[in-house]
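This briefing covers a protein structure in two parts: the contact between its chains, and a site annotated in a database record.

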Amino acid sequence: MTTSTVQGSPVKALIVEDTPVHALILSTILRKFHCEITVAENGNEAVQLFLEGKKFDIIFCDKEMPVMSGPEAIEKIRALGESHVKIVGVSAGYDLEQSFMSAGADIFLPKPMKFDVVGPIIQEVMNKKNNSMV
Amino acid sequence: MDYSNLRRQAASMKKGLFDQGHLDEQFRQVEDLQDEASPNFVEEVAVLFFKDSGRLISNLEQALEKYPRDFNRWDAYMQQLKGSCSSIGASRMKSECMSFKDNCGKGNVEGCMGCLQKLKREHAILRQKLESYFQLLRQAGPTGAATRPVM
């Protein structure tokens, strides 16, 4: 899949990541798919964005972060009724997948992230978004 | 100036970084993100990495002094640094991070201290090598020298 095949209104992506390098790399990947990007440095910031009424189509969420971890933030976001947003748990430990999925994540991707797996995920979110607007 | 020769030197330098184990495949993935819209992306990532990893190493050193034998805390700090190393493909640094975490798991203070010293050495070596590499790339570029970011 190439970036040129992604069409429709831009996907609103939230990156929840305390490591600046990870956030920069993932932001760059998502920009290539024309996503609108917001970055939160920890789980609490992410939850606050939803409490402020912000809406996102997809969240890429790290696990270990200061203030609030990824799984805890995901639980709280889902508890706010945000069932539609696709949540991708991202972490370096394969054994951490269960903690993300139990919290309500849809997908788990190990770090370091393989860039070619992001495109199909974004396309799926975009298709769902555009179909819901018809 | 012989730009093709400079580009060959840069390519050789990069090959050396991989052959010597300083960098792994993840660095190539970062390179693949560089394009005309972001022509200095790899260098920007490297600058950010060295700034962030320097901070994390400093935080860890403070934690080693302030929280003796607090292996859970030390491990948590090192987990952050390991993640950062993984994202740019800093392979040797990542190995030392993992050795440090192993020593945390064994409750081995001396082992942790030794790993930290090795990690700092690898950090300094990689920084110097990448600085040289990016300097060469800038010289080899068609527009010549660009603004030199501070690593």
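In this predicted model, 16 residues of chain B are in contact with 15 residues of chain A. Between them, chain B and chain A bury about 1,500 Å², and 67% of that area is on carbon and sulfur atoms.

**Make-up of the interface on chain B**
- Gln29(B), Leu33(B) and Leu48(B) supply 32% of the area that chain B buries against chain A, more than any other three residues.

**Polar and charged pairs across the interface**
- One salt bridge is counted between chain B and chain A.
- That salt bridge joins the side chains of Asp35(B) and Lys32(A), at 2.5 Å from N to O.

**Elements on the side of chain B that touches chain A**
- Helices α2 (25-32), α3 (41-66) and α4 (71-88) of chain B each supply at least two residues of this side.
- The largest share, six residues, comes from α4(B).
- By residue class, this side of chain B divides into six nonpolar, eight polar and two charged residues.

**The annotated site in chain A**
- An unreviewed UniProt entry places the feature "modified residue: 4-aspartylphosphate" at Asp62(A).
- Asp62(A) lies in strand β3 of chain A, which covers residues 58-62.
- Asp62(A) has a relative accessible area of 7% and therefore counts as buried, the cut-off being under 20%.
- Beyond its neighbours within four places in sequence, Asp62(A) is in contact with Val16(A), Glu17(A), Asp18(A), Gly70(A), Val90(A), Ser91(A), Phe100(A) and Lys111(A).

Note on methods:
Residues are numbered from 1 along each chain as its sequence is written. Chains are lettered from A and ligands numbered from 1 in the order in which they are written. This is a predicted model: local features need pLDDT of at least 70, side-chain atom pairs count only at pLDDT 80 or more; totals for chains, interfaces and linings use all residues. Side-chain values use heavy atoms; hydrogens and water are left out. Contact means heavy atoms within 4.5 Å. Buried area is the accessible area (1.4 Å probe) that two parts lose on being put together, summed over both. A salt bridge is a side-chain nitrogen of Lys or Arg within 4 Å of a carboxyl oxygen of Asp or Glu. Helices (H or I, at least four residues) and strands (E, at least two) are DSSP runs, numbered from the N terminus. Ala, Val, Leu, Ile, Met, Phe, Trp, Tyr, Cys and Pro count as nonpolar, Asp, Glu, Lys and Arg as charged, and the others, Gly among them, as polar. UniProt positions are given in the numbering used here, feature names are shortened, and annotations may be inferred rather than shown by experiment. Buried means under 20% relative accessible area, exposed over 50%, partly exposed in between (1.4 Å probe, protein chains only).
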